[in-house]
Amino acid sequence: MAIKKENVSRRDFLKKSSMFAGGVVFVSLLNPFKVVYATKKPKGKGKWYGIAIDIEKCIGCGSCARACKTENNVPNEPFFFRNWVEQYTITNDEQVMVSSPNGGIDGFKQAVPDEDIYKTFFVPKMCNHCAKSPCTQVCPVGASFESPEGLALVDQNYCIGCGYCVQACPYGCRYIDPAKGVVDKCTLCYHRLQKDLDPACMMACPTGARIYGDLNDRDSAVSLFIKEYNCAVLKPQLNTDSKLYYYALSQEVH
Amino acid sequence: MNKLQNLYEALANVEGYIYPNEIALNWDLLIVMYPYITGLVAGAFILASLNRVFDIKALRPTYEISLLTALSFMLVATMPLISHLGQPFRFYEMLITPHLTSAMAIFGFVYIWYLMVVLLLEIWFDYRYDMVIWSEQKKGFMKFFYKALTLWVSDKSPESRKTDDKIGYFITVIGIPSAFLLHGYVGFIFGSLKANPWWSSVMMPVIFLFSAMVSGIALVMFIYMVINFIRRKKNDILCLDTIAKYLFYILILDFTLESLDQIHRIYEADESFDILKLLVHGKLFFTFFIMQIGVGTIFPLAVLGFFQFKQPSEKIRKILYLIVSSAVLIGIFFMRWNVVIGGQLFSKSFYGFTSYKVDLIGGKDVWLSLLWFIIPFFILAFLLWLLPPWKKAKHVEG
Ligand code: SF4
Ligand code: SF4
């Protein structure tokens with residue numbers, strides 16, 4: 001199902017073009033400090049999705065990445081992922097080695113002999129559905145937007161394929177679909193959520209390392225998990241307000 | 001598919017670790033051309049303004065050439081951006097439904113403002129009187145054409161010429177901040193991305209601005225000499241020396257600002273420092289140290305600096321001006337390259353690099369980039385034929 005952004009209508013054309021004619025630069029000069037994030041956390045009852053990943057439980061089987069490719073028709077080539085798994089190996093002499101062959105879909109091989117390994121673990125990656133998402137901030141046409149549920153989505157019928165959002169995402173979560181010429185990314189299986197189905201990656205994970213749910217609901221699985229375990233987000237210094245919480249995240253992970 | 005093959009090749013050449021989606025380098029040569037061309041516009045215009053607003057008479061022979069050069073490049077300035085889009089035919093969405101928090105969305109408006117309000121108007125007021133005269137001299141279609149260009153205003157009175165000059169002056173005054181806005185803004189497109197430590201810098205707009213001036217001035221210098229060569233006219237050496245002087249000063253400023261940015265990065269040495277250091281010493285070594293700094297900065301600085309103290313013969317100076325202006329143009333191209341391509345060669349995971357190979361034969365980006373760089377010269381040739389600066393009536397002060 002195509003994602004359609006609700007709040008942009010082309011009928012606004014006349015209104016907007018007359019409003020903008022000559023005025024945009026001026027207005028933006030008058031209003032330079034307007035907060036530039038797309039969405040605010042809704043007050044009240046609406047859902048506000050978050051995700052949690054338990055790194056200790058991840059066995060690097062790649063089922064989530066595989067399921068995602070199938071569910072979302074992600075191009076097969078190893079350059080396009082909505083969801084991938086990274087293997088970290090820290091050697092006894094403190095070298096950090098990271099790999100993600102084909103996004104982990106075909107599983108992993110450990111190249112470092114056991115006796116040289118200090119520690120090794122897997123980190124599944126996907127869109128963090130940042131609450132202050134830099135990707136939606138920069139989209140020149142507003143095709144990238146945040147849904148009221150706090151998901152960063154793309155209206156592909158609207159995207160012009162400029163790639164600005166790809167550059168703006170600090171986590172490498174976006175790619176340009178080579179066949180469609182527009183950007184694509186994780187939607188947390190928005191099409192499934194709307195039918196009360198779980199996202200494909202969540203269903204595929206055999207160890208229950210992935211949890212998602214409504215952060216507004218204090219009793220949801222994800223809220224309880226974050227409360228119980230001390231979680232961290234990726235690149236907190238960038239102030240993206242990521243909503244993907246990792247438990248047992250090593251500081252080597254960027 | 002050629003593109004996929006390139007990606008597999010890039011994949012084979014990955015060093016360290018890079019997020020899988022980063023192997024494809026999304027902003028290619030066309031996006032290098034985009035700031036390059038806009039920079040030439042802004043720079044050429046600023047040279048024209050120096051003559052007009054600061055009344056630097058020695059620059060007079062290049063006044064119209066600068067304006068027409070700026071216009072020629074301005075007319076194609078959006079094309080690299082548009083032709084790079086995954087959905088080029090949707091580009092108008094940027095104008096009709098701009099997303100105001102996006103730096104890129106404003107480009108269309110900055111562009112239109114600069115093209116329509118600044119460049120076209122200034123050229124129109126500068127040429128209005130001459131176009132009236134030409135329309136009287138010509139016959140047939142050309143007569144009509146010049147008449148149309150004057151918008152059927154045929155006033156030739158000295159008062160009207162004074163008014164033209166006053167308005168032209170006023171537009172130039174508005175034009176200078178506009179040119180600053182145009183290119184500073186292009187720098188902001190890159191500088192405002194916090195995700196990318198190579199780009200994210202408050203200095204970016206300023207650096208872009210000064211490098212734009214440098215490149216635009218060098219371009220006009222080059223074109224001025226080429227035009228004189230084609231017309232078999234003598235170069236006005238005083239004019240060339242003056243351009244060279246300004247080129248020298250602005251190049252010093254530009255180099256200082258860029259060094260400041262680098263020194264700041266090196267001294268601060270934040271989390272991204274290690275990977276950026278590897279980048280600059282590895283993948284960017286040739287384009288950064290050799291082309292941008294060596295060819296594009298140190299060499300011109302040395303030559304122009306030497307001329308400030310000791311002037312060799314006119315002939316040698318002219319030859320060196322030709323070489324220096326080309327070197328600067330090449331250097332600034334590589335500066336854009338280092339920003340745009342360099343910023344995508346390292347992984348935002350800070351663990352490795354991808355590679356980018358210009359596909360000289362099959363690459364759509366290469367052909368289009370060349371096209372967008374060459375077309376302005378044809379436009380300029382046409383404009384010079386239509387509005388020859390050397391056939392203009394003597395300037396009247398307002
Ligand atoms: S992880 Fe990247 S794509 Fe996802 S919301 Fe954050 S910035 Fe956007
Ligand atoms: S690629 Fe599409 S979604 Fe991304 S910034 Fe450009 S128009 Fe927006």
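Some ground rules: residues are numbered from 1 along each chain as its sequence is written, and chains are lettered from A in the order in which they are written. As the model is predicted, local features need pLDDT of at least 70 and side-chain atom pairs count only at pLDDT 80 or more, while totals for chains, interfaces and linings use all residues; side-chain values use heavy atoms, with hydrogens and water left out.

Let's begin where the chains meet. On chain A's side, Phe79(A), Tyr164(A) and Gln167(A) supply 18% of the area that chain A buries against chain B, more than any other three residues.

How many salt bridges are there between chain A and chain B? The count is zero, taking a salt bridge as a side-chain nitrogen of Lys or Arg within 4 Å of a carboxyl oxygen of Asp or Glu.

Over all chains, though, the whole structure has 18 salt bridges. One of them joins Arg192(A) and Glu71(A), whose closest N and O atoms are 3.6 Å apart. Arg192(A) is buried at 15% relative accessibility, while Glu71(A) is partly exposed at 29%. For these words, buried means under 20% relative accessible area, exposed over 50%, and partly exposed in between (1.4 Å probe, protein chains only).

Over in chain B, Lys357(B) pairs with Glu9(B) at 2.7 Å between the closest N and O atoms. Lys357(B) is exposed, at 60%, and Glu9(B) is partly exposed, at 36%.

Now compare Lys392(B) and Glu64(B), which meet in a salt bridge at 3.9 Å, N to O. Here Lys392(B) is buried with a relative accessible area of 17%, and Glu64(B) is buried at 3%. Both belong to a network of salt bridges that also includes Arg60(B), Asp126(B) and Asp130(B).

To finish, find residues 273-281 of chain B, which form helix 11 (helices are DSSP runs of H or I, at least four residues, numbered from the N terminus). Phe273(B), Ile275(B), Leu276(B), Leu279(B) and Val280(B) are buried there. The face turned away from that buried side carries the exposed Asp274(B), Leu278(B) and His281(B).

Note on methods:
Buried area is the accessible area (1.4 Å probe) that two parts lose on being put together, summed over both. Helices (H or I, at least four residues) and strands (E, at least two) are DSSP runs, numbered from the N terminus.
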